Amino acid sequence: MKIRLLALTFILLSASFLRLQNLGKFGFWNDELYHVFAARSYLFDGTFADPVRGQEYKRALPVTLITAASFKILGESEFSARLPFALAHILFLAIAYFVIR
């Protein structure tokens, strides 16, 4: 039992380090920009405007809403836009560990 707990701890710490290292270092990728623009717009005026396309962006709405919540709590940055999904990835690893073992 102790070895399994140690293994899980090692896996989660390693994954956390690898996943969170340089999380906000690089600019947004193309697909991230759609959610960032829509999240900014949602916080500003309640719409999901996409200035690139000139229409509302409601595809993958939960992703946009999570990004908007992260912006509201942490401020607008690459790090805050990506953090909720990095944490979800780490949580998924813990769940997968228990399901697979």
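Start in helix 2, where the buried residues are His35, Val36, Ala38, Ala39 and Ser41; buried here means under 20% relative accessible area, exposed means over 50%, and partly exposed is in between, with a 1.4 Å probe and protein chains only. What sits over them? The cover on those buried residues includes strand 1 (49-50), helix 3 (61-74) and helix 4 (78-100), with contact taken as heavy atoms within 4.5 Å.

A word on what you're looking at: this is a predicted model, where local features need pLDDT of at least 70, side-chain atom pairs count only at pLDDT 80 or more, and totals for chains, interfaces and linings use all residues. Residues are numbered from 1 along each chain as its sequence is written, and side-chain values use heavy atoms, with hydrogens and water left out.

Back to helix 2 itself. It runs over residues 30-45, 16 residues in total, and spans 23 Å from first C-alpha to last, close to the expected 22 Å; that expectation is 1.5 Å times one less than the number of residues.

Now zoom out. The chain has four helices and two strands, where helices (H or I, at least four residues) and strands (E, at least two) are DSSP runs numbered from the N terminus. Along the sequence, they go α-α-β-β-α-α. The radius of gyration is 17 Å, well over the 13 Å from the globule rule for 101 residues, so the chain is more spread out than a compact globule; the radius is taken over C-alpha atoms, and the rule is 2.2 Å times the number of residues to the power 0.38. Along the principal axes, the C-alpha atoms fill a box of roughly 55 × 25 × 25 Å. Of the 101 residues, 25% count as buried. Among contacts between residues at least 6 apart in sequence, 56% join residues at least 24 apart.

The chain exposes about 7,200 Å², and carbon and sulfur atoms supply 67% of that, by the Shrake-Rupley method with a 1.4 Å probe. Leu91, Ile95, Val99 and Ile100 make a nonpolar surface patch of about 440 Å². One of these, Val99, belongs to helix 4, and Val99 counts as exposed because its relative accessibility is 64%.

Key: Patch = residues over 30% accessible without salt bridge, like charges linked within 9 Å, V, L, I, M, F, W, Y side chains within 5 Å. Salt bridge = Lys/Arg side-chain N within 4 Å of Asp/Glu carboxyl O.
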